[in-house]
Amino acid sequence: MRGRVIPILAAATKQLQKGDECYETQARGLTVLNSPFLNKGTAFSAEERKSLGLTGLLPPEISTLETQVKRAYIQYERLPDALGKNIYLTALHDRNEVLFYRLFSEHLREMIPIVNDLTVGMAMEKYHHESRRPRGVYLSIDHIDGIEEAFTNFNAGPEDIDLILATDAEQILGIGDWGIGGIEVSIGKLAIYTAAGGIDPTRVIPVMLDVGTNREVLLKDPMYVGNRHARIRNGRYDAFIEAYVKTATRLFPNALLQWEDFAPSNGRHILEKYRDQICTFNDDMQGTGAITLAAAISAVRVCGTALRNQRVVIFGAGTAGIGIADQVREAMVGEGISKADATKRFWCVDQHGLINADMKNVADYQAAYARPSAESKDWKHDGKGSGVGLAEVVRRVAPTMLIGASNAAGGFTESIVREMAGHTERPIIFVLSYPQARAEANPADLIAWTDGRALIATGSPFAPVTYKGVTYVVAQVNNAMLYPGLCLGAIVSRASKISDGMFAAAASAVSSLVTVRQPGSSLLPHIDDLRSVSLTVAVAVAETAHDEGLARVECDDIVQQVHDAMWQPEYRRIHALQPHC
């Protein structure tokens with residue numbers, strides 16, 4: 001794929017020969033050093049220093065990228081807390097793109113929580129009190145007519161962009177609504193796409209959809225830089241989203257549009273409206289669902305049963321919980337049962353209890369999983385006016401799979417787990433709430449309460465657990481195992497949309513990378529090896545896009561095409577062009 005025209009460059013990246021890229025630029029001196037795409041720091045060669053006007057602007061020693069990475073990691077380790085490390089990595093990203101991505105890619109397990117997850121939430125809280133290099137595109141609901149101008153000012157042509165990641169920042173993990181600072185979500189997520197999946201960082205756009213904020217502390221803060229009004233809803237919001245989609249897809253017809261950290265109702269509404277029109281997906285719903293499906297596929301392989309035969313109780317029926325139900329249900333349908341019969345295999349419990357048809361507060365995205373009221377009429381209710389609680393649902397349903405996405409710490413009590421384990425030989429229990437303090441149960445307890453029979457996955461990283469001489473490696477359900485490869489496969493195949501089949505293929509590809517025959521084996525691959533995981537996922541996704549007739553390019557040698565498409569964090573040679581008169 002051709003590299004995007006980088007504003008500092010005089011021309012597009014020039015491919016001199018296979019595997020040997022060269023940037024051409026008219027920039028000189030400090031302008032080169034101040035461009036994160038061009039800057040190599042002390043790694044500029046003697047020839048480049050002379051031709052680019054860098055003589056005397058750098059220390060005389062010429063370093064290798066490997067030496068720079070070691071030096072950067074030493075600096076990183078010296079920092080005392082997660083926020084300081086986030087700020088350091090952001091500054092490195094702003095100064096030297098290749099060095100940042102090489103460092104990040106070599107320390108993914110350690111740095112993903114720093115670049116994304118809860119640490120980026122802390123950075124967002126201080127966003128408008130810090131001066132950071134602007135990245136991406138900011139779109140305001142108060143200036144819909146300025147959307148095209150904003151994208152035009154990004155200075156990219158119609159063939160130059162592969163991925164656009166947008167957020168309205170209403171439901172950011174751990175902090176909720178944080179207004180304009182949500183751009184950090186888009187930036188951090190795209191950094192993972194590059195480090196873990198080889199998505200070219202010059203071919204992506206982070207987007208902030210500023211529709212206001214309902215957080216009073218922001219609205220009253222004189223330093224806040226976003227729209228100073230409550231969040232806009234309904235028709236005006238929908239019109240803004242439509243204008244964004246139409247403009248982005250017209251200007252960048254090959255770009256995949258991802259949605260991140262939207263409130264459940266808006267996220268579901270947007271996805272259902274556009275998923276069959278354009279190449280798009282919502283990672284909070286579909287990505288979380290698909291990586292959980294991967295763990296479920298591994299678990300039923302251990303059990304020797306079919307996914308379609310599982311009885312699934314989901315505790316926490318929000319964006320993630322319902323997204324998981326959707327993906328697992330589609331996989332059940334793929335095993336030969338009807339959608340209606342697959343839906344009957346799910347019991348979803350939220351803060352009001354078991355979701356049933358008579359509940360007044362059932363959200364539109366939950367409605368498909370509402371149980372018939374007659375089913376639970378005689379079941380025990382938690383109290384006056386309360387619904388049927390998790391313990392009673394587990395007792396009545398005898399689930400084979402119990403999934404927590406509730407943020408209710410300790411919600412899977414010993415009595416609930418023992419009740420479940422009394423009805424199934426290998427209870428499949430996923431505690432996905434993040435961080436560890438919010439997990440529905442501790443893996444060590446789950447193993448003890450089930451006498452080592454539970455098949456476990458968690459949303460947070462947990463250390464291995466040794467029980468009765470067996471060491472159990474706890475699988476971490478991390479979306480980063482799936483979405484980089486998913487998007488890379490869609491980009492390579494130029495998929496017209498992302499289908500349920502492509503998600504299923506991605507989940508199966510992840511599951512295929514683990515061997516589950518050994519007692520205590522992890523249900524998912526290790527997060528340290530994300531680039532190879534992404535390669536496997538991308539190939540499976542691209543093949544499925546081709547098989548389903550969704551690919552818009554020829555896929556003659558998909559493995560090689562995916563491999564060639566993966567951007568590598570390596571320094572390119574820079575050729576100095578003579579400036580025009």
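This dialogue goes through a predicted model of one protein chain, from overall build to single residues.

Reader: How many helices and strands are there in the protein chain?

Author: The protein chain has 22 helices and 17 strands. Its radius of gyration is 25 Å, close to the 25 Å that the globule rule gives for 581 residues, so the chain is as compact as a globular protein of that length. The C-alpha trace spans about 85 × 55 × 50 Å along its principal axes.

Reader: What percentage of the residues in the protein chain is buried?

Author: Of the 581 residues, 59% are buried.

Reader: Is Asn-266 buried or exposed, and why?

Author: A residue is called buried when its relative accessible area is under 20%. Asn-266 counts as buried because its relative accessibility is 17%. This residue lies in helix α12, which covers residues 264-274.

Reader: Which residues is Asn-266 in contact with, leaving aside neighbours within four places in sequence?

Author: Asn-266 is in contact with Asp-168, Glu-170, Arg-233 and Tyr-237. As for Glu-216, 50 residues apart from Asn-266 along the chain, the two C-alpha atoms are separated by 21 Å.

Reader: Are Cys-279 and Cys-487 buried or exposed?

Author: Cys-279 counts as buried, at 8% relative accessibility. Cys-487 also counts as buried, at 0%.

Notes
Residues numbered from 1 in each chain as written. Predicted model: local features only at pLDDT ≥ 70, side-chain atom pairs only at ≥ 80, totals over all residues. Heavy atoms only, no water. Helix = DSSP H or I, 4+ residues; strand = E, 2+ residues; numbered from the N terminus. Buried < 20%, exposed > 50% of the residue type's maximum accessible area, 1.4 Å probe, protein only. Contact = heavy atoms within 4.5 Å. Rg over C-alpha atoms; globule rule 2.2 N^0.38 Å.
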